[in-house]
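Please look at the sequence and the 3D structure below before reading on. The paragraphs after them are meant to be read with the model open.

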Amino acid sequence: MFDRLTIRIFTIFLFTVALFLALIVTIPNLDSRNLTYLSAKEKEIGMSLATSIEKELTNVPKNSFRWWMRFIVVMDNLRRPGQSLYILTPSEQIITSDTNNVDLVRNFTELTNKSDDPAKKIYNNYEIIGPFTLHYSNEPYHLYIMQAASDTQSQFANLVFDHPFLLLALTMLASTPFLLWLSWSLAKPARRLKKAADQVARGNLQQWPELEKFGSSEFKATGASFNHMLRELKRMQDLQQRLLSDISHELRTPLTRLQLATSLSRRKYGETKETERIEIEGKKLDLMIGDLLSLARQQYANNEVKAPHQIDKLWKHVLENAKFEAEQIGKQFYIISKPDDSAILCYPQALCSALENVIRNAFRYSHHQIEVNFQVINQYLYITVDDDGPGVIENEYEQIFRPFYRTSEARDRESGGTGLGLAIVANAITQDNGEVHAQKSHLGGLRIVIKLPLYKKS
């Protein structure tokens, strides 16, 4: 039953409340300044002193002149060093030679009105003991003894006992490590589940058997459901991969036959507008199938290992190939700021293909000029690719990264693209925890901005 999270939390709550109540009730009783009753030995000493004083007072007449002065003489003769003696008369008067502490004794007499049960109480560094009954002229008198305290507590303890809120704060402070440990132990299964969820978000669909072994019954049940979900996702992913593979095979077989029939028709009847259109649409369909399978493999079957790579080495061949291609097609390709030796954590092949696709798009749509710029700002790498082509209208900047989206501008009508290139780019950037967006270029065309976090060495 204690394995259930609700029972565990409720039990811990009751235990904590009981602990607080026990401490609040018990700790004040530990104050040595509280009224405490005497031991048998202390009581015997006080009663012996009271008896001795009573014997000496038998020679003092009740109505004699200044009879109370004889009391003081007797008490001074019988007291021990460091003691002060006080006698409370039946008329509530106090007889003593030490008049400085009469108020303390008066306070103590109000707390102890039972002569058959003497007690003691500490005042600062002194303790008062009493009352001990003695008789004079057939009337009961009460003896009180003040002496140095045998058990004084520190000033800090006095401060704590005198301020209940400080006592409560110290009690809570003392229980904090236990509560922190308790919170940590309860949160540990949740952190383990979050870690597993983060791995799934990154595309890792491996199961986590430890989720079903540790924690409360609720967390174990959640772990079992989580692993079941992973099994189903893996199964669906495999089915999707198989479906895409089958579609590719089934589509490309008739496509190949269509292309073969087009070639035969051209040989037999010569070149016609119809055969030319069939050939163009066939090539588009072939490119679309290839891009679609590339996107699917990138999303569901990425076999690369994510590792840190220096950005000056990562895209070195991509930039060199872009320079060579620009020379061949007669366009100007500029690298405004070259990449430095900073590193990023990424899937290298997919990320290289992403930048290469963006640059090729810029080549395809630009008139004369393409610019690439690398900048590191606030622990992020920013890559911008600008062209001087026709551009895209502003309200389509976000939509061009959707699969199969075709813009209303001349870029797509003239290019014959499949509408999957930027979707592949966006997917590759997202896998590396980056961002990509479009905006108007200062060259007049389109600017693609890629943002990637730098790798931090732990």
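The text below goes through cores, helix packing, a strand residue, a loop and a peptide bond.

The model is predicted, and local features are taken up where pLDDT is at least 70. The largest nonpolar core has 43 residues. Those with the most contacts inside this core are Trp315, Phe333, Ile344, Ile359 and Ile450. Helix 11, which covers residues 348-365, gives the core its largest share, nine residues.

Leaving aside residues up to four places away in sequence, Phe333 touches Leu319, Ala322, Lys323, Ala326, Ile359, Phe363, Ile370 and Val372. Ile359, one of these neighbours, is also listed among the residues with the most contacts inside the core.

Next comes the packing of helices. Two packed helices are described by the angle between their axes and the distance between the axes. Helix 11 packs against helix 13, which covers residues 421-431, at an angle of about 145 degrees, and the two axes are 9 Å apart. The crossing is left-handed. Which residues of helix 11 and helix 13 meet? On the side of helix 11 they are Ala350, Leu351, Ala354, Asn357, Val358 and Asn361, and on the side of helix 13 they are Leu422, Ile424, Val425, Ala428 and Ile429. Sorted by class, this contact has nine nonpolar residues, two polar ones and no charged ones.

Another pair of helices can be described in the same terms. Helix 2 (residues 40-57) and helix 3 (residues 67-78) have axes that come within 10 Å and cross at roughly 140 degrees. Helix 2 and helix 3 are therefore oblique to each other, since an angle has to be over 145 degrees to count as roughly antiparallel. Their crossing is right-handed. Helix 2 contributes Leu49, Ser52, Ile53, Glu56 and Leu57 to the contact, while helix 3 contributes Phe71, Val74, Met75 and Leu78. Of the residues in this contact, seven are nonpolar, one is polar and one is charged.

Now turn to strand 11, where Thr384 is found. Is Thr384 buried or exposed? Thr384 has 12% relative accessibility and so counts as buried, because the cut-off for buried is under 20%. Not counting residues up to four places away in sequence, Thr384 touches Glu371, Val372, Asn373, Arg447, Ile448 and Val449. Val372 is also one of the residues touched by Phe333.

The loop between strand 10 (369-377) and strand 11 (380-387) holds Asn378, and Gln379 has its place in that loop as well. Asn378 has a phi near 50 degrees, which is a positive value in a residue other than glycine. Gln379 is not a glycine either, yet its phi is positive, at about 65 degrees. How accessible are these two residues? Asn378 has a relative accessible area of 68% and is exposed, whereas Gln379, at 45%, is partly exposed.

Gly130 and Pro131 are joined by a cis peptide bond, with omega at about -5 degrees. Pro131 is located in strand 5, which covers residues 126-136.

Notes: Residues numbered from 1 in each chain as written. Predicted model: local features only at pLDDT ≥ 70, side-chain atom pairs only at ≥ 80, totals over all residues. Heavy atoms only, no water. Axes fitted to C-alpha atoms, helices over the stretch in contact; angles between N-to-C directions. Helix = DSSP H or I, 4+ residues; strand = E, 2+ residues; numbered from the N terminus. Parallel < 35°, antiparallel > 145°, perpendicular 65-115°, else oblique. Left-handed = near helix turned anticlockwise from the far one by under 90°. Contact = heavy atoms within 4.5 Å. Nonpolar A, V, L, I, M, F, W, Y, C, P; charged D, E, K, R; others polar. Buried < 20%, exposed > 50% of the residue type's maximum accessible area, 1.4 Å probe, protein only. Core = buried A, V, L, I, M, F, W, Y, C linked by side-chain atoms within 4.5 Å.
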